[in-house]
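I opened the coordinates and kept short notes on what I looked up. The entries follow in the order I made them.

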Amino acid sequence: MFISNTLVYLIALPLAGAAILLLGGRRTNKWGHLLATAMSASSFGVGLYQLMLMLDRPTEQRPASQKLFEWIHVGEFKVDAGLLLDQLSICFVLLITGVGTLIHIYSISYMSHDKDRRRFFAYLNLFIASMLLLVLGDSYLNLYVGWEGVGLASYLLIGFWNQKPAYATASKKAFVMNRVGDMGLSFAIMIAFATMGTVSFVGVQEQVSQTSEAALTAIGLMLLVAAAGKSAQFPLQAWLGDAMAGPTPVSALIHAATMVTAGVYLITRSNFVFDAAPTAQLVVVIVGAITLMFGALIGTAKDDIKKALAASTMSQIGYMTLAAGLGPVGYAFAIMHLLTHGFFKAGMFLGAGSVMHGMNDEVNMRKYGALRKFMPITFVTFGLGYLAILGIPPFAGFYSKDLIIETAFDAGGAKGIILGITTLIGASITAFYMTRVMILTFTGTKRWDEDAHPHESPWLMWLPMAILAIGSVSSGYLLSRGDALENWLYPLFDHSDEYQKHLIEPIIVSGMALTMVAIGVAVAYFKYARQEVSSTAPEDVSIFTKVARQDLMQDRFNEAVFMRPGQALTTTLIAADQAVVDGAVRGVGQVALSSGSALRGLQNGYVRSYAAIILVGAIALIAAIWVVVS
Amino acid sequence: MDASNYLYISALLFTIGAVGVVVRRNAIVVFMCIELMLNAANLSLVTFSRINGDLDGQVMAFFTMVVAACEVVVGLAIIVAIYRSRRSASVDDASLLKR
Amino acid sequence: MKWLSLLMLLPLAGAAIVSALPKGNDKAAKQAALGTTLVVMVATIAMAVGFQRDNVDLQYVESYAWIPSFGINFALGVDAIALVLILMSTILAPIVVLAGWNEAHGGRWSVKTFYILILVLETMMIGVFAATDLFLFYVIFEAMLIPVYFLIGGYGSGERSAAAVKFLLYSLFGGLLMLAAIIALYVMSGAQGGHTFDIDKLSQLQMSSTTQNLLFLGFFIAFAIKAPVWPFHTWLPDAANSATPGTSVLLLGVLDKVGTFGMIRYCLTLFPDASKTFTPLIMVLAVISILYGAFLAIGAKDIKRLIAYTSISHFGFITMGIFAMTSQAQSGAILYMFNHGFSTAALFLVAGWMISRRGSSTIADFGGLQRITPIMAWSFFIAGLSSLALPGLSSFVSEFLVLVGTFTRYPVHAIIATFGIVLAALYILIPVQKALHGPTTPGNESLKDLNLREKLAIAPVIAIIVALGFYPSPLLKVINPAATHVISQMGFTDPAPSNGGK
């Protein structure tokens, strides 16, 4: 493997930015945002430089590594602070720093009226650094540091306006649910060490062939728990909707383009484990399929533009997870969808931010309408992202999503048919709710509040949106031209049981997909464009809509099954600690005290009674001796 | 004469003394009853000395007398002091040390 | 150079200086105490530099005849475990003095007395870890209660007298059991080659398994009370609640470590077979402590009690690591003792400042502090993150080592214990949300942020927490040989990778 000594700058630059801004305090208020943006941009520059170096090397020499220092060495448990940049991580590095820099630029304007803007940029830089560590770490434990680091950054950013109690609660909820996932990652690392004696990616890959399938399945399932927590996959998905409490650029960067895709990265990175554990793989596919539908269904009922987009993100990551669960044929497509999704979803979130910016931070789409004329640039960029997520050729989503649907059908048998149909229906529902978002926001009649004065956002905001829109248009074509991404990632995955012929011709799959999308669009068109839309959410809706509005009861479920019993347990334990455990201690004291006061009654102060007691005692003693002796 | 008769007397005296200590209130009487018990013990000691044919018991009896004398000195002084302060020689009145 | 006796004498000399100061000159007393503790800290670091880390024998050994007729010596010496703990104690001491600059005011006795007690306590903290004579250890173990008793009862708040008495009686009870076991050991040593209190010689004693089990329990219960392990923990929340923040730091950070230190140094060394017999039970107690402490912390309404409960959870991890008998778990446990000292110190000191500003220790009375007092809020937040073992901070390294090491031998225990990390997120983030986030609660608008002295006190603690999170190697290299030595003495080796049964 190629040894590099410049990888560390990728992480060090944004980390330094965060440190300077946080430690510098108010002194850095004036130029903090510029520094943070510069740090992110220069990290992107380093990433491009690394890509060039990588392209210069022959295929087998492309992965580069760097050992920084000895981190934890105890007995056989040896983990160094080491970085690994290979064909997979460079994709993420460029996505993170590229989209990250655009969002830094956007935020300069978006957050310009916030007096804590410096702190916001510090958190953004902290996030970039942690996320880079996550994708660059050369072992599961190093990944874990980045994994929790992004969790922390996400917590800080969701709760950026934590003076509002609901936002503070949302950030706590995100962190705690992520911790449940992190626990899965801990388990995976522990099992890996106990069974294989190593936790580095290279080491685990080498040991896979010597390890039993049961252990690998356990590791795989635990990695899936971790992935579910971070990527908002079923059953740990409930935090993502609330995470929209954060400023919109955060939703674009963390909760759409980068952090939430870390689960897909983890599964793809651990391809060697999953390839050897078919059961775990099957569970991954199932989780992906469930989440895909789950997110899509929630998306249909949300009136909050950000929550609708968040549900969409959940659903799209479901697609990626599903693809990653399909094994070597799917990894590259999962990553491709991840990259294209990074462009179009970040673009749409920024668009939503731009709309909110013009509408006094209103997020209810029922209060929008007819914004096309007032925000033409936002409309166009958002529209391009819309076409991309729908999968209309030749936009990005067409390439990446169709490949996933094809691969799903290729799984063969009943599994293939179920997965294929699920992905097709998902595509249709996606078309429905995204069309709904477009219609409610940009067309139709004005349903604004009286004090709304919509206007186009300044160039610092629309420029990143435009760049992302270009990505939404072109990235799919570029990545799939001549199977570019597939070939690029090819050396990383095990291709021993390939290559099979497509079961259904790609052109037929595309036709089916486009038909489903057309149905979704048509339904939305007739429901929302041809009828008057009320500016308040109608109450007389079907039970399904009501359930979907409540996020399919996910919070109710968590409350009923975990929170309430947990609170009851806590209350009981506190009472029991006072009454039983401490009660036993105080009980011993009480016994001593009360026996003392009982005996105290004998001490009545009357000499004669003392004398009588002495007498009785003496007689009893003599009698006792008498009995014993005779 | 059978030496055990002396022991019976001694036991009788001791019992009288003990009962006196327990039932009487007047400190002086209690005191005298204690003296009675001591002397009952002395009588036993002397009797045993006689039975055993050595002087150990008599020596012990002298010790007892000395101790009794000391006790009288201290005890009477206390009783007088209590009487002066409380105008009473009843032992039941001097129950300040209870509890 | 007689490092250890020098270290023990320095604080005593400082105490003498403080007591010689004229009455009413509080500032001079504080400065003298701070100066003394700083000198001790520097001396300890100087000593630690000369420590040979690959040598598992006791180092810096000193021995003076104390009561020759009973074979009692004033014998000192340190291995890596003791060294690390002494280092922690002497670094914490000046921080506590500096952080609690004004906490002696309003006490029952003078400010001078407070610092004399602190300095005497420091001598004992060094002595209790350095003693290699069982009798000397016992004497210091019990004598340490005296200054702490007066520190809680004389300078604390709330029900300070009751808490101090509870603490004293509870500890004395444990000490009594240990005393009985020590006397038994002494008597047996007389029958097997001469009366002695020397730990090395005592560990060679032959005894029946019943005797060993009983004596083990005598020691273990004393240490379990000190540590504290569930169900011997109830004195801790009361004591920590009533003590001044500085005293609480010394109580939880240093004195409680005597319990876990004693488990390694005395329980494992003197009674290896009994330790193995009781390991299953102790592992269960440790796991209960982890979850139990966490649940109580989640429900705690008082910030000081909350920190005390989190410590019960953390001590569960340490105990589990000690008895899991793998090098990772053992090293992790020892490192955990060191790290816990600093993360708890940070939490307690910042909580103390919050309480003294607000005049209340109820979490619900705070709110929105992040916007009023950002530096104080950040300090509390970082301390909390260290307590929940966020990777990149020191506690993560030790907690993960304990878990991964325990997993290789006791997977079920490790899995249940790992649920503690989710609970940890809750018990830290709930007070963070209530106290630091949300709208500003009425009465908090004019709270002052940390002043220079407080910043100077908290900065080194946070620096240590962060630095050891990223670069624990220097400390691990010292600890590893000692941990491996303990394991091998017990006749254990690390389990080999199982390959999952393939």
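**Entry 1: a helix pair in chain A**

At roughly what angle do the axes of helix H14 and helix H17 of chain A cross? Before answering I note that this is a predicted model. I looked up H14(A), residues 305–325, and H17(A), residues 396–410, and found that their axes cross at roughly 45° and come within 10 Å. Angles under 35 degrees would count as roughly parallel and 65 to 115 as roughly perpendicular; H14(A) and H17(A) are therefore oblique to each other. I noted the crossing of H14(A) and H17(A) as left-handed. From H14(A), the contact is made by Tyr319(A), Leu322(A) and Ala323(A). From H17(A), the residues are Lys401(A), Ile404(A), Thr407(A) and Ala408(A). By class, the residues of this contact between H14(A) and H17(A) divide into five nonpolar, one polar and one charged.

**Entry 2: loops of chain A**

Most residues other than glycine have a negative phi, and most peptide bonds are trans. The peptide bond from Pro393(A) to Pro394(A) is cis, with omega near 0°.

The loop between H8 and helix H9 (239–242) of chain A holds Pro235(A). The bond that leads from Phe234(A) to Pro235(A) is also cis, and I read its omega as near 5°. Ala232(A) lies in this loop between H8 and H9 of chain A as well. Ala232(A) is not a glycine, yet its phi is positive, near 55°.

**Entry 3: a sheet in chain A**

Strands of a sheet pair through backbone hydrogen bonds, either parallel or antiparallel. I looked up an open sheet of three strands in chain A, with the order S1-S2-S3 and mixed pairing. Strand S1 (2–3) and strand S3 (77–85) of chain A are the edge strands, each pairing on one side only. Strand S2 (residues 64–74) of chain A runs antiparallel to S3(A), and nine bridges join the two. For one of the residues I checked the partner: Ser65(A) is bridged to Leu84(A) in S3(A).

**Entry 4: chain A against chain C**

Which chains have the most contacts among the two pairs that touch? They are chains A and C. I recorded 48 residues from chain A and 47 residues from chain C in this contact. On the chain A side, at least two residues each come from S2, helix H5 (140–158), helix H6 (165–196), helix H8 (213–231) and helix H23 (554–600). H6(A) supplies the largest share of that side, 17 residues. The residues of the chain A side divide into 26 nonpolar, 15 polar and seven charged.

**Entry 5: chain B**

I counted three helices and zero strands in chain B, and along the sequence its pattern is α-α-α. The radius of gyration of chain B is 16 Å, well over the 13 Å that the globule rule gives for 99 residues, so chain B is more spread out than a compact globule. Along the principal axes, the C-alpha atoms of chain B fill a box of roughly 50 × 25 × 25 Å.

Chain B does not touch chain C, and their nearest C-alpha atoms are 23 Å apart.

Terms used
Residues numbered from 1 in each chain as written. Chains lettered and ligands numbered in written order. Predicted model: local features only at pLDDT ≥ 70, side-chain atom pairs only at ≥ 80, totals over all residues. Contact = placed C-beta atoms within 7 Å. Pairing = 2+ DSSP bridges. Helix = DSSP H or I, 4+ residues; strand = E, 2+ residues; numbered from the N terminus. Axes fitted to C-alpha atoms, helices over the stretch in contact; angles between N-to-C directions. Parallel < 35°, antiparallel > 145°, perpendicular 65-115°, else oblique. Left-handed = near helix turned anticlockwise from the far one by under 90°. Nonpolar A, V, L, I, M, F, W, Y, C, P; charged D, E, K, R; others polar. Rg over C-alpha atoms; globule rule 2.2 N^0.38 Å.
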